[in-house]
Amino acid sequence: MRLSLLLPVFLAGALVVNGFALAADEAPTVLTIRDSKFEPNQLTLPSGVKLKLVIRNLDVIPAEFESYDLSREVIVPGHGETTIYIGPMDPGSYQFFNDFNHEMQGSIAAKPGVKKEN
Amino acid sequence: MLATAIIMFREVLEAALIIAIVLGASRGIAGRGRWIAGGIALGLIGASVVAILANVASSEFSGNGQAILNAVILLSAVAMLTWHNVWMSSNARQFSTDVKEIGSAVQSGQRPLAALMVITLVAVMREGSEAVLFLWAIATSGEQSLNMVLGGFGGLVAGIIAGLLLYLGLLRIPVRHFFSVTSWLILLLAAGLAAQAAAFLNQVGVLPALGNGLWNTSNILSQSSLLGQMLHILVGYIARPSGIEVVFYVGTFLTILTLMRISGKKRSEQVKAAENPG
């Protein structure tokens, strides 16, 4: 069971590294789920910074926000919200979808120096 | 109905494939069936609890708690898979010419049976909670819900069949290669789960990303394709990985491999010493 000793060390090391990482922009970007749609379903966000993303579900049905491009996966309860961090992203396009309803899709365009929309 | 079946199939697939590998890797160990069945049962209870917690809007659990729980259960699975592999490399090597002997030879000592249970529990709990929520969501969505629930169960059955096929496939591997194949499978599985845990910890801001998208092979093999998803589950394929995922993957892979080599070496020295006393 030597691994159980190694893992905390591993985590602690990574936490120290995190201290030097870019501080997240604290004003969150809000992504809303309403009538089985993402609003907006196209977001333009700055690249190169860590961002806080609030996913707010106005529907009754729970959703699972998922993105292979961003390695993100989180359940958003019905009439609830969930906060996650994304980035720092390289400039480019990142797809996301609702794993409980694959017709619900959207994408993030990451560009240097853009101001956030909301 | 088909869309529902596909989503459900994907939720069940991960747990089914992991259980198939664990069943294969523990072949010949007495009592494994009971422990694995116990793991599945506890996993289903855990999945329901997680599903309920995750759907309580005001709960602390939504967001950070969810991701941290996921990371913790993934890392505990990694630790258990490590234990299993290290144990197998120190105990099973000398029996690997005859699978049946392992069962009787390892009656005593610390067998990794608890590890088998925890791995199964974790696999079922993690994907099961999503499956439960999803089924609940479609069941309450009103029209056509019966059709969709039927689709959901179709997907569940298909997922279990996929796991069964993998297990039967594993059993066809010649006995002398069997344990080296299953320990490689476990090693890659553990590394992939560790990378997933890293992504969850990064998602809540606990770990840095260390670069977003070290490479992007989505065009060659998309992670949303069935093959991409199978490889994601089995060997941890990520089409567009962040640095931290790669660090965890490689770190876990090398750690387990080193531990296996060390314990395997110790074992063969003991065997040698026993064969040539003095």
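Analyst: Happy to. A nonpolar core here is a set of buried Ala, Val, Leu, Ile, Met, Phe, Trp, Tyr and Cys residues joined through C-beta atoms within 7 Å. Please keep in mind that this is a predicted model.

With that in hand, the largest nonpolar core has 105 residues. Those with the most contacts inside it are Ala77(B), Ile119(B), Ala194(B) and Ala197(B). Helix H5 of chain B, residues 113–139, gives the most to this core, contributing 17 residues.

Let's zoom in on Ala77(B). Leaving aside residues up to four places away in sequence, Ala77(B) touches Val118(B), Ile119(B), Val122(B) and Leu193(B). In the model, residues 68–87 of chain B are 100% helix and 0% strand, with the end C-alpha atoms 28 Å apart.

Val72(B) counts as partly exposed because it has 14 C-beta neighbours inside 10 Å, whereas a buried residue needs 20 or more. Its C-alpha atom is separated by 13 Å from that of Leu121(B), a residue 49 positions away along the chain.

Now for a helix pair. Helix H1 (residues 2–25) and helix H7 (residues 175–203) of chain B pack at an angle of about 145°, with their axes 9 Å apart. H1(B) passes H7(B) in a left-handed crossing. On the H1(B) side, the meeting residues are Ile18(B), Ile21(B), Gly24(B) and Ala25(B); on the H7(B) side they are Thr182(B), Ser183(B), Leu185(B), Ile186(B) and Leu189(B). By type, the residues of this contact divide into 6 nonpolar, 3 polar and no charged.

Stepping back to the whole chain, chain B has 9 helices and 0 strands. Of its 278 residues, 49% are buried. Among contacts in chain B with a separation of 6 or more, 85% join residues 24 or more positions apart.

Definitions and conventions. Residues are numbered from 1 along each chain as its sequence is written. Chains are lettered from A and ligands numbered from 1 in the order in which they are written. This is a predicted model: local features need pLDDT of at least 70, side-chain atom pairs count only at pLDDT 80 or more; totals for chains, interfaces and linings use all residues. Axes are lines fitted to C-alpha atoms, for helices over the stretch in contact, and angles run from 0 to 180 degrees between N-to-C directions. Helices (H or I, at least four residues) and strands (E, at least two) are DSSP runs, numbered from the N terminus. A crossing is left-handed if the near helix is turned anticlockwise from the far one by less than a right angle, and right-handed if clockwise. Two residues are in contact if their C-beta atoms, placed from the backbone, lie within 7 Å. Ala, Val, Leu, Ile, Met, Phe, Trp, Tyr, Cys and Pro count as nonpolar, Asp, Glu, Lys and Arg as charged, and the others, Gly among them, as polar. A residue is buried if 20 or more other C-beta atoms lie within 10 Å of its own, exposed if 12 or fewer, and partly exposed in between; C-beta atoms are placed from the backbone.
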